[in-house]
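I set out to record what can be looked up in this structure, one topic at a time. The entries below follow the order in which I went through them.

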Amino acid sequence: MTGGTPKPLVDVDMDRVVQTTTFRVFRYNGTGDPPTYKDYEVPTKRGMTVLDGLLWIKENLDGSLSYRASCRMGVCGSCAMMINGKPRLACQTQILDLQTSVVVVEPLKNYPVVKDLVPALDQLFEKHEAVKPYVMRPGEEDELENPSGEFEQSPEELDEFIQFTYCIKCGICLAACPTVASDPLFLGPQALAQAYRYVADTRDTAYAERCDLVDTAHGVWRCHYAGACTEACPKGVDPAFAIQLLKKKVFQHRVLGKKRKVARVAPKPTGVSRRPNVPEPPARTVKSD
Ligand code: FES
């Protein structure tokens, strides 16, 4: 451990400040008292994000402010919040791009609030889990431990679902969705887009089970295609499109009895020797509990 003053999380050089921004922040103490809004004046320089503003407030003005953040680069999804009425990632929202001197920051809509800007994301993860977000195959454990070859999946087959794998589970699409707002049981855009992602994946063999899983009153048919999820997604995923594709798959399964191709496992090539000077990989060890 080294001594000295810790480096501030957000270093604001006053010579480079171009405006003072009022952060109007939703405050809720988590005990049932009515929420309030509190204003903080934040010296703002070019390149500062809303998350930088919140970090600066916490370090310099009010250590009691609560919010979630981790990567500060649009990858972990934890800093999702309402910013001037729209669900966004705070770390990807430049304060000056908002073109206002007042930034209203609130927790994501359609979720209960734990404290201040921290939503309870249980419904997001429960719905995600409900659509079984993993490849299902008979004997998959043995296949994982003793792979006999590679899946034959063409680039065109991969294109069917690859963009939906970019979801970072920030929960923004559920906050944007008007149907989630009116029907808390609706599976919602995140889970349904993931359901499609596995329905379309030829490595998966649970096509029929997956179609039946979403073919319910609160499932795929509950989406009225408002498109708000797609507009809000910070990663450019298109959940609204995935849901329409999923409707088509469910119809094909249910009404037409159509099945989906399953990728073949190509046997390991024989007679291919290892290139010289390439070391053998270390032996795999399987941990037992
Ligand atoms: S802090 Fe990770 S996405 Fe914003």
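**Entry 1: a loop residue.** I began with Tyr134, which sits in the loop between α2 and α3 (140-145). Helices (H or I, at least four residues) and strands (E, at least two) are DSSP runs, numbered from the N terminus. I found Tyr134 to be exposed, with 11 other C-beta atoms within 10 Å. The terms are set as follows: a residue is buried if 20 or more other C-beta atoms lie within 10 Å of its own, exposed if 12 or fewer, and partly exposed in between, with C-beta atoms placed from the backbone. I also looked up Tyr134 against Arg222: they are 88 residues apart in sequence and 24 Å apart in space, C-alpha to C-alpha.

**Entry 2: the basis of the model.** I note that this is a predicted model, in which local features need pLDDT of at least 70, side-chain atom pairs count only at pLDDT 80 or more, and totals for chains, interfaces and linings use all residues. Residues are numbered from 1 along each chain as its sequence is written.

**Entry 3: the sheet.** In what order do the 5 strands of the open sheet stand? I read the order as β2-β1-β5-β3-β4, with mixed pairing. Two strands pair if DSSP finds at least two bridges between them. β2 and β4 (86-89) are at the edges with a single partner strand each, so one side of each has no neighbour in the sheet. On average, neighbouring strands of this sheet are turned by 35° against each other, direction ignored. Axes here are lines fitted to C-alpha atoms, for helices over the stretch in contact, and angles run from 0 to 180 degrees between N-to-C directions.

**Entry 4: strand pairs.** I then went through the pairs. β1 and β5 are parallel and share 4 bridges; Thr22 has Val102 in β5 as its bridge partner. β3 and β5 run antiparallel, joined by 2 bridges, and Ile83 stands opposite Val105 in β5. β3 and β4 also run antiparallel, with 4 bridges, and Ala80 has Leu89 in β4 as its bridge partner.

**Entry 5: positive phi values.** Most residues other than glycine have a negative phi. In the hairpin of β3 and β4, with 2 residues between the strands, Asn84 has a positive phi near 45°. Gln99, in the loop between β4 and β5, has a phi near 55°. Gln99 is exposed, with 7 other C-beta atoms within 10 Å. Lys169, in the loop between α4 (155-159) and α5 (172-176), has a phi near 55° as well. Lys169 counts as partly exposed, with 17 C-beta neighbours inside 10 Å.

Entry 6: How many of the 11 residues of helix α1 (residues 50-60) are buried? I found 8, so the helix is mostly covered. The buried ones are Val50, Leu51, Asp52, Gly53, Leu54, Leu55, Trp56 and Ile57. They pack against β1 (17-27), β2 (36-45), β3 (80-83) and β5 (102-106), where contact means that C-beta atoms, placed from the backbone, lie within 7 Å. α1 lies across these strands and runs at about 105° to β2.

**Entry 7: α2 with α7.** The axes of helix α2 (residues 122-130) and helix α7 (residues 188-199) come within 9 Å and cross at roughly 20°. That makes α2 roughly parallel to α7; angles under 35 degrees count as roughly parallel, over 145 as roughly antiparallel, 65 to 115 as roughly perpendicular and the rest as oblique. The contact is made by Leu124, Lys127, His128 and Ala130 of α2 with Gly188, Gln190, Ala191 and Gln194 of α7. By class, I noted 3 nonpolar, 4 polar and 1 charged residues. Ala, Val, Leu, Ile, Met, Phe, Trp, Tyr, Cys and Pro count as nonpolar, Asp, Glu, Lys and Arg as charged, and the others, Gly among them, as polar.

**Entry 8: α7 with α8.** The axes of α7 and helix α8 (residues 207-214) come within 9 Å and cross at roughly 160°. That makes α7 roughly antiparallel to α8. Leu192, Ala195, Tyr198 and Val199 of α7 meet Tyr207, Arg210, Cys211, Leu213 and Val214 of α8. By class, this contact has 8 nonpolar, no polar and 1 charged residues.

Conventions: Two residues are in contact if their C-beta atoms, placed from the backbone, lie within 7 Å.
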